[in-house]
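Subject: Structure for your review

Dear colleague,

Please find the structure below, followed by a summary of what was found in it. I would be grateful if you could read the two side by side.

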Amino acid sequence: MRHFLFVLLLTLAALSLSGDNIEFSLTLDGVQRWRGLLLYTSPTVSVGTSCRLSPSEIPDVLAGLNTAGFSIGHLGDAGLAAEVRNPGHDSLSRLSERTLFRADLRSLSLSRIGLALMPWNSRAGVVWERREDIDAGVLWAVPVSTESWIFEILGEAGLLREVISDDVWYPDYPWRPDGPFGLVSGRLKHVIHEGSIGLTLMMSGGVNLRPGWLAAISLGHSSGPWRVRSRTVSSSPFFRNADGDRIDVPIGSAFDCRYRPARGFQFTIDYEAGAEILYPESRFYTDEGSVALGWRFGEAQVSLESDWNRIFSRQSEIDIPACRRIKGRIIWDRNFLHLGLLGTLEPQESWAIKLENAFPAQGSWLMETFVEFHKEHGPLLLDIRIKGRWDIGRNRFILSIFIGDLMRDWNDGPASAGDFEAEIRWVRRIH
């Protein structure tokens, strides 16, 4: 598959003469791995290839292609296709998305490789892909699409390649056999003025798996500075998602509410609750949420956010702090000028303070930097990033350097890939 994608890229490279943008980038990480990217984009077609060279590993090469009705490469999904993979109550954004597949042209991951044919403006589709534990074929169609009603159906047939099992007393994942697997789903969506309501039904099963079902109701409303969303899910104990895995919370509900005007008082409220599956079939009832309060003074913004565990459910035998995280930020923006001070505190675990800024250095230059001090069960650590952008005519050059976990992982250079990254990019606008 990788060689086919690379040949496909070379075949389509000539199209860049009439394209919009062509991009080259080169990246070096902390374990001396080099990564290169060639990306061409236009309104009709986008194609890219990535490669990674390591001193002790075989080179990795991956390419991808996106057009209006066809994609191939490392696939990502949206809408009902994403909902069947993650049908839990926390999938609040899926109702507003169209069902489609797109290749991530910057990815080097082999966790999802496939191709998708999506004719009639993605009103129907045929997909084959190899995911981490399953070879799957997907079919979907949108038989009804009006201004008020949208009805979608999606089916997947796949082969679970590996058995998931664990001999320890408390396994990390529920046991799962290999073999053929299938899932059928349908979603009916009704658009009402500035909002929408959707009902999703799913059924799963396989040769070595018991049948299961799931039902979900989703709501969404957006008007001016307001946005409100909610989702409630109920499923049988044996239901499995499109990857063949049981969902952790078979019964749950979540909602979020945003009020963010251009000036004045702002707030955000998030809450979710559900019943988690524990081994072997017991359930643990839990909930969590967050609240953010702030004020926007035109160019300046101040906010304070807190994340909480067990707001209403009290589980004294679980040694988890009730307050999960506290965040504060002060931000000032004016055109390309930016200054921000951010702080994070996780009780009994870690804290961080981050100072970030962006400013035009000279004419077409733009500089962005941040410095972050953080502590996580050890010494005080320091992260630094410097990023510069330079526009010359139709060319844009970007240089970025990141150095992480100073004062711990830098005795004889970076200790891991994430401790250092240097990247240079060149973007050429053809038209």
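This is a predicted model: local features need pLDDT of at least 70, side-chain atom pairs count only at pLDDT 80 or more; totals for chains, interfaces and linings use all residues.

In which sense do strand 1 and strand 25 pair, and over how many bridges? The two strands pair in the antiparallel sense, over 9 bridges.

Residues are numbered from 1 along each chain as its sequence is written, and side-chain values use heavy atoms, with hydrogens and water left out.

Strand pairing around strand 1

Aromatic pairs

A search of the whole structure gives 15 aromatic pairs. Rings of Phe, Tyr and Trp (its six-membered ring) pair if their centres lie within 6.5 Å; planes under 30 degrees apart count as stacked, over 60 as edge-to-face and the rest as tilted. One of the pairs is formed by Phe-24 and Trp-426, which are stacked at 5.5 Å centre to centre with 20° between the planes. Phe-24 belongs to strand 1 (residues 21–29) and Trp-426 to strand 25 (residues 420–429), so this pair ties together parts that are 402 residues apart in sequence. Phe-24 is partly exposed at 34% relative accessible area, and Trp-426 is partly exposed at 32%. For these classes, buried means under 20% relative accessible area, exposed over 50%, and partly exposed in between (1.4 Å probe, protein chains only).

Tyr-271 and Phe-312 form an edge-to-face pair, because their ring centres are 5.8 Å apart and their planes lie at 75°. Tyr-271 is in strand 16 (residues 264–277), whereas Phe-312 is in the loop between strand 18 (300–309) and strand 19 (323–334), so the pair ties together parts 41 residues apart in sequence. Tyr-271 counts as partly exposed at 23% relative accessibility, while Phe-312 is exposed at 66%.

Ring pairs also link Trp-226, Tyr-259, Phe-265, Phe-267, Trp-295 and Phe-297 into a cluster.

Nonpolar cores

A nonpolar core is a set of buried Ala, Val, Leu, Ile, Met, Phe, Trp, Tyr and Cys residues joined through side-chain atoms within 4.5 Å. The largest has 29 residues, and Val-84, Phe-101, Val-127, Trp-140, Leu-154, Phe-181 and Leu-214 have the most contacts inside it. Among the elements that give two or more residues to this core are helix 2 (80–85), strand 9 (134–145) and strand 11 (179–192). Strand 9 gives the most, with 5 residues. Another core, of 5 residues, lies apart from it and includes Val-45, Val-47, Leu-65 and Ile-72.

Individual residues

Arg-187 lies in strand 11 and is buried, with a relative accessible area of 1%. Its side chain is joined to that of Glu-83 by a polar contact of 2.9 Å. Such a contact is a pair of N or O atoms within 3.5 Å; within protein, one must be able to donate a hydrogen and the other to accept it, and residues adjacent in sequence count only if both atoms are side-chain atoms.

His-193 has a positive phi near 55° and is found in the loop between strand 11 and strand 12 (195–206), where His-193 is exposed at 81% relative accessibility. Arg-310 has a positive phi near 50° and is placed in the loop between strand 18 and strand 19; Arg-310 is buried at 12%.

Yours sincerely

Methods. Helices (H or I, at least four residues) and strands (E, at least two) are DSSP runs, numbered from the N terminus. Two strands pair if DSSP finds at least two bridges between them.
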